[in-house]
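Keep it short and group it by topic.

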Amino acid sequence: MSLRIIFAGTPAFAVPCLRAAAARGEVVGVWTQPDRPAGRGRQLAPSPVKVEALASQLPVFQPENFKSEDAREQLRALKPDLMVVVAYGLILPQAVLDIPAQGCWNVHASLLPRWRGAAPIQRAIEAGDRETGVCLMQMEKGLDTGPVLLSLATPISDTDTGGELHDRLSALGAEVLSDGLKLLRAGMRPVPQPQPAEGVTYARKLDKAEARLDWSRPANELANKVRAFNPWPVAEAQLAGERLRIHAAQALAGGSGMAPGTVVSASRDGLDVACGDGLLRLRVVQRDGGRALPVADYLNARPALATP
């Protein structure tokens, strides 16, 4: 069967899914958030999904929301068979979910019901999860509560950053969507599996205020936060008399007997900082107004910190 698809998405994460939708059906319209100010000049910038859609000569729509009948009629007029939603940035009302003949599918970057909500990739790393993945979900009115159609899992390594896991899950999302569309076109619609009631967690939106490290916390907890918050908002801490942004770090076992936040040793291998439990070895840091540097280069500017 042919498929008339409406695609709704905004950030770079959604771009591979847009390509997968266009490869498996006819994308008759692309919905994305209105252009927003970006960069130092605060000039209006299109979303990555809009850039991809225009490059593929797909029609783009950018309503602020779907509260008006006119906004909903734009969707209805395209007679969609299916709406695919990937990190669009709006919760769709039931009046929109009811428009496509086959309903609305969502690609979500976690293994539901774990990490429903806005920041599932970063929260999985921050929590120390060993596995995550993507789900293709049949949308309903609740926040990421719909039944799961298909899923793919991937391990989380001890070195994965938020950015690296984002890119891997973006590609997996396109894969799971492509599989679902292939089945639907063959007349074998994936069977919806209700999410279990146990294990529900919520991934609240990232807040820049969370970036400050609390040295009284265990080192492994802080190492997870450093990885989760790379590339944004980037962990930071007050250390040795200045504010540092911390781009890479690892937890070390053992204690020093020193107060949390004390630099225990400083060498080309890293800055070892006392924590509530264990040590955190900082490997890549950034001074105010500077760029991210390996600790060996940072110590060239602060030789007094180096320990024998």
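**Salt bridges and charged side chains**

Glutamate 210 counts as buried, at 14% relative accessibility. Here buried means under 20% relative accessible area, exposed means over 50%, and partly exposed lies in between (1.4 Å probe, protein chains only). This is a predicted model: local features need pLDDT of at least 70, side-chain atom pairs count only at pLDDT 80 or more, and totals for chains, interfaces and linings use all residues. Residues are numbered from 1 along each chain as its sequence is written, and side-chain values use heavy atoms, with hydrogens and water left out.

- Glutamate 210 meets arginine 204 in a salt bridge (2.9 Å, N to O). A salt bridge is a side-chain nitrogen of Lys or Arg within 4 Å of a carboxyl oxygen of Asp or Glu.
- Arginine 204 is exposed, with a relative accessible area of 52%.
- Salt bridges that share partners join Glu69, Arg72, Glu73 and Arg76 into one network.
- Glutamate 73 and arginine 76 both sit in helix α3 (residues 69-77), 3 residues apart, about one turn of the helix. Helices (H or I, at least four residues) and strands (E, at least two) are DSSP runs, numbered from the N terminus.
- Glutamate 73 is partly exposed at 37% relative accessible area, and arginine 76 is partly exposed at 33%.
- Aspartate 158 and arginine 130 also meet in a salt bridge (2.9 Å, N to O).
- Aspartate 158 lies in the loop between β10 and α6 (162-185), and arginine 130 in the loop between α5 (120-126) and β9, so the pair ties together parts that are 28 residues apart in sequence.
- Both aspartate 158 and arginine 130 are exposed.
- By this rule the count comes to 20 salt bridges.

- Strand β15 (residues 270-274) is mostly covered, with 5 of its 5 residues buried.
- In a regular strand the side chains alternate between the two faces of the sheet.
- Gly270, Asp272 and Ala274 point one way from β15, while Leu271 and Val273 point the other way.
- Strand β14 (residues 263-267) pairs with β15 in the antiparallel sense over 4 bridges. Two strands pair if DSSP finds at least two bridges between them.
- Alanine 266 has leucine 271 in β15 as its bridge partner.
- β14 and β15 form a hairpin with 2 residues between them.
- On to β16 (residues 279-287): this strand runs antiparallel to β15, and 4 bridges join the two.
- Alanine 274 has leucine 279 in β16 as its bridge partner.
- The hairpin of β15 and β16 has 4 residues between the strands, and glycine 278 there takes a positive phi near 85 degrees.

**Cysteines**

- How many disulfides does a search of the whole structure find? The search finds 0 disulfides. A disulfide is a pair of cysteine sulfur atoms within 2.5 Å.
- The sulfur of cysteine 104 is 15 Å from the closest cysteine sulfur, in cysteine 17, so it is too far for a bond.
- Cysteine 104 counts as buried at 2% relative accessibility, and cysteine 275 counts as buried at 8%.

**Nonpolar surface patch**

- Ile91, Leu143 and Tyr202 make a nonpolar surface patch of about 340 Å². Patches are made of residues with over 30% relative accessible area and no salt bridge: like charges are joined within 9 Å, and nonpolar side chains (Val, Leu, Ile, Met, Phe, Trp, Tyr) within 5 Å. Accessible areas come from the Shrake-Rupley method with a 1.4 Å probe; for residues, only the protein chains shown count as cover.
- Leucine 143 lies in the loop between β9 (131-138) and β10 (148-155). Leucine 143 is partly exposed, at 41% relative accessible area.
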